[in-house]
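Here is a short note to read beside the structure. Please keep the 3D view open and follow the points in order.

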Amino acid sequence: MSRRVGVVQFPGSCDERDALHALALVGAEPELLWHAEAELRGVDAVVVPGGFTYGDYLRAGALARFAPIMGAVAQFAAEGGPVLGICNGFQVLCEARLLPGALTENVTLRFVHRAVDVRVEATNPWSAGLVPGATLTVPIKHGEGRYVHPDPQGLADAGQVWLRYADDNPNGSVADIAGVTNAAGNVAGLMPHPEHAVDPLLGGTDGRGLLAAAAPAPAAH
Amino acid sequence: MATSDRAADPTVPEPAAEPDALATDLGLTSQEYQRIVATCGRTPSTAELGTYSVMWSEHCSYKTSKIHLRRLPSRGPQVLVGPGENAGVVDVGDGLAVAFKIESHNHPSFVEPIQGAATGVGGIIRDILTMGARPIALLDPLRFGEPGDPVTTRVASGVVRGIGRYGNAIGVPTVGGEVDVDPCYAGNPLVNVLCVGVVARDGIQYAKAERVGDVAVLIGQRTGRDGIGGASVLASATFDDNADDEAGQAKRPNVQVGDPFAGKLLIEACLELYARQLVSGIQDMGAAGIACSTAEMASAAGLGMRVDLDRVPLREPSMESWEILCSESQERMLALVQPDRLDDVLAVCRRWGVDATPIGEVTDGDRLVFTRGGAVVHDAPAASIADEGPTYDRPREPWVHPHAHEHPDADEPAPVDPIADWLALLDHPRAADPTPIAEQYDSAVGSSTIAGPGGDAAVLRLPGADGTPGVTLRGVAVATDGNGRRCSLDPAEGARQVVAEAARNVACTGARPLAATNNLNFGDPTRPPVMDAFATAVDGLGQACEALDTPITGGNVSFYNATGGTDIHPTPVVGVLGPLADVTAAVPAAFQRVGDAIVLLGASTRPGLAGSLWLWHVRGRLAGRLPAIDLAAEVALQRLLGDLADERLLASAHDVADGGLAVALAESALRGHRGAEVTPEPDLAAHQWLFSEAPTRVVASVAPDDLAAVEAAAAAAGVPLTHLGAVTEAQQVRVTGVGALDLAAARQRWQSGTARLLDGP
């Protein structure tokens, strides 16, 4: 049965159409959720897409966390609902304290857009079909993607390091971390853009594997 | 405004103090000033002089270029909207239309590279948005000084950062462009930006008033003092009613500041207004802000407009009326709205967090009236401001390049080691891998970029008019081209070849070139040779566009690109767009499969070192007579490329241009991670075969099974086909009788050129 997946649109979101498109390709029923509304309309999963919410003029994602919808997202997350933050969405979820750590300016001080290889380190609902060790090619495009955390080893020991850059660390992230989850594993964030790797015409389909929580639920029998 | 001789009648604008001197300071000639006095029938007010001076500036009125631009072909069944609107719109089938235009932001990008380039991006995006289209792609043709110079490093890295900062944050992908370097651009870089948008055929918007009583709504950012005089010489110390003001206050920054977040909200708000059919006319505010948008919309309809400047939201309440009128604050639009739809318009804008303020209305008659504090400060015929400005036929003297008469094909010594020269060419920014620039741009947002930066042309799969990706297989290919050095040797022939190359780039992908837009970057037009180069380049552009059936639907003229007394090379930059029926049939530039045959399609190679990259970059010489292009042969080649792509007979196709066959073969090999083994055409010196830039040639690779069909199609089309060799496994391009280019060494050089431009030595 296909899942209803809400894509949160903030002022300054840029990749929300891409997310809708990708989610539909993996079999979900995607819909936009508006930042100013305080409820999620009963969706089965939430995606916070990429972009430059509120211009990212303060810190990336720092203002979006105050939007009315974020209260509902936090509650949904606390109840175990699957939430995925992509790029700016990852930054928003970190700012909202739904994910550990923070994202800061790339070590090169430049925006970077290129395909990178990431290695799956742990399992969670968003990459349910992938085993740790699997390597995927997915594009990154960001100026503030350097993941920082005071205890990356502790995070890894807790199973919260989801993805690492496999050989090319494009932004100086600590311990090559490209994606993390919360302790429960239902909230995940990553800098690579799985929604831009779902169509062979547009550079590969590896991203589909990172949208598993949006794919149709397996039939009961 | 408190002068002692204030007119008692508040319905008549108060005359400017010392109007003659003010007019001179504003860059108006005494004849132009007299014309304004005659039109007004009285001494003009400060606000009126401000409006006329900006609207009659070269930038806004095209007064120098107009009589020449009229010679350009601009019509055709494919053209839905031609020159005169904010952007051209062409029919691409399936009920979809594409708006596209190129513009420049050259001078601001030297003064302040990051903001200058950023606002250039914002400006052209709003031109496309004004047509009712959703902006879906940007391309940036850039010209800088030679790499290594600290000023060039600052300008080049800043411009790229500025384009990325604005384009990435506003959510419009940057999918292509091109870069060149030359000492003539060291103090005057060129930053041209082309934007493409998609719109339903029946959803095109116009910058024209429709009916009396419609409300003028200012949408977007507050109006500030930034950018006043960006389009003219408005910011002068004497240009103020109050002589006691601090001198510093009149000297406001002329470079506007862009806010991509505000721009993004403006896009979304306007697209929702269009989708709900809430506006009857809309105009963006670029150069000359409120003055320009009101005058143009009223004049286009033969109507008037009355605007209360007290209602314009200001950043600084102390702004003078002329400042409000001429401000170039970014991210603003003026919409005309039927009164019964006003509440809906305001509600849509509120939802997107965009300011929207009714400031006036469309009126009967032809007057453009502005009031402030209850008094009329401006009352003049809209058409006299927008459409009836002066035009000039400036004097011309033949543009003669001092070395154009030379014969490098005959007298330039052949290289001892052509492979070394081949390597050297690959790190010139013209030929080098653009990845260090392209990586700083988001080329993926929108999920429509089939081929991004680095190919012959960008290929986009068209989204629906609502922006939904993946709804059709229909697409467009877009490319830009310009070559200042070649145009400097021969502006007319150079311009013909620029058009042909841009169209050939589009044709290489399998698309059919459909229409063009041009950005004419030239020096000081008051110098007669520059004016002559301009006029002859326009003729060349027109001839090529006529032959290729790619009418020019709009564009931009940028004069006064000069440093000290030295003008830039005449640099017409052309963007060509063409539709693809099925993007899955798009042809890449890279070699695909080992064993594919490599053929040269189009003219066989003839001597062509004049104006070549080899002669310039390796030998330091700019000289010679360009080999003339045969436009009929060019048309035949481009049609053939489309036909072969439709039949899926080409594995790759790549235009032969800067650096000749040497660079074309190396690029196809490097991009495809494949080698090649080729045999030069007979009766040519090795370096001529490698480096000649004779036009109308494409390197293609073809599966062995398809070769007979390609040969037959070429023969039927009358297009010469020359067998060159085959794609190989070995990591080298081996040329019989010359030697081999090692691809590892070549890749190193190829990848270093653009980085050196951005980072310095």
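1. **A term to begin with.** Two strands pair if DSSP finds at least two bridges between them. This is a predicted model. In chain A, strand β4 (residues 83-86) and strand β11 (residues 187-190) are joined by four bridges. The two strands run parallel. Look for V83(A): V187(A) in β11(A) stands opposite.

2. **The sheet of chain A.** Which strands make up the open sheet of chain A, and in what order? There are nine, ordered β2-β1-β3-β4-β11-β10-β9-β6-β7, with mixed pairing. At the edges stand β2 (29-34) and β7 (135-142) of chain A. Each has a single partner strand, so one side of each is left without a neighbour in the sheet. On average, neighbouring strands of this sheet are turned by 25 degrees against each other, direction ignored.

3. **A helix on that sheet.** Helix α2 (residues 68-78) of chain A packs on the sheet. The strands touched by α2 are β1 (4-9), β2, β3 (45-48), β4 and β11 of chain A. The direction of α2 makes about 125 degrees with that of β4(A).

4. **Chain A as a whole.** Four helices and eleven strands make up the secondary structure of chain A. The C-alpha trace spans about 40 × 40 × 35 Å along its principal axes. Is the radius of gyration of chain A in agreement or disagreement with a compact globule? With 221 residues, such a globule would have a radius near 17 Å; chain A has 16 Å, which agrees. Of these 221 residues, 58% count as buried. Among contacts in chain A with a separation of 6 or more, 76% come from residues 24 or more positions apart.

5. **One residue in a loop.** L99(A) lies in the loop between α3 (88-95) and β5 (102-104) of chain A. Why does L99(A) count as buried? The cut-off is 20 or more other C-beta atoms within 10 Å. L99(A) has 24 C-beta neighbours inside 10 Å, so L99(A) counts as buried. Beyond four places in sequence, the contacts of L99(A) include G85(A), V187(A) and G189(A). H196(A) is 97 residues away along the chain, and its C-alpha atom is separated from that of L99(A) by 23 Å.

6. **A sheet in chain B.** Seven strands of chain B form an open sheet, in the order β8-β10-β7-β11-β9-β12-β13. The pairing is mixed. β8 (281-284) and β13 (375-381) of chain B stand at the edges, each with a single partner strand, so one side of each lacks a neighbour in the sheet. Strand β12 (residues 367-372) of chain B pairs with β13(B) in the antiparallel sense, over six bridges. There, R367(B) stands opposite P381(B). Helix α13 (residues 342-351) of chain B lies across β7 (215-220), β10 (332-337) and β11 (356-363) of chain B, at about 150 degrees to β11(B).

7. **Where the chains touch.** In this complex, 27 residues of chain B are in contact with 21 residues of chain A. Which element gives the largest share of the side of chain B that touches chain A? That is α10(B), with four residues. The residues of this side divide into ten nonpolar, 13 polar and four charged.

8. **Confidence.** The predictor gives the complex an ipTM of 0.96 and a pTM of 0.95. Chain B averages a pLDDT of 93, and 95% of the residues score at least 70. Residues 233-252 of chain B stay under 50.

Terms used:
Residues numbered from 1 in each chain as written. Chains lettered and ligands numbered in written order. Predicted model: local features only at pLDDT ≥ 70, side-chain atom pairs only at ≥ 80, totals over all residues. Axes fitted to C-alpha atoms, helices over the stretch in contact; angles between N-to-C directions. Contact = placed C-beta atoms within 7 Å. Nonpolar A, V, L, I, M, F, W, Y, C, P; charged D, E, K, R; others polar. Rg over C-alpha atoms; globule rule 2.2 N^0.38 Å. Buried ≥ 20, exposed ≤ 12 C-beta atoms within 10 Å, placed from the backbone. pLDDT = per-residue confidence, 0-100.
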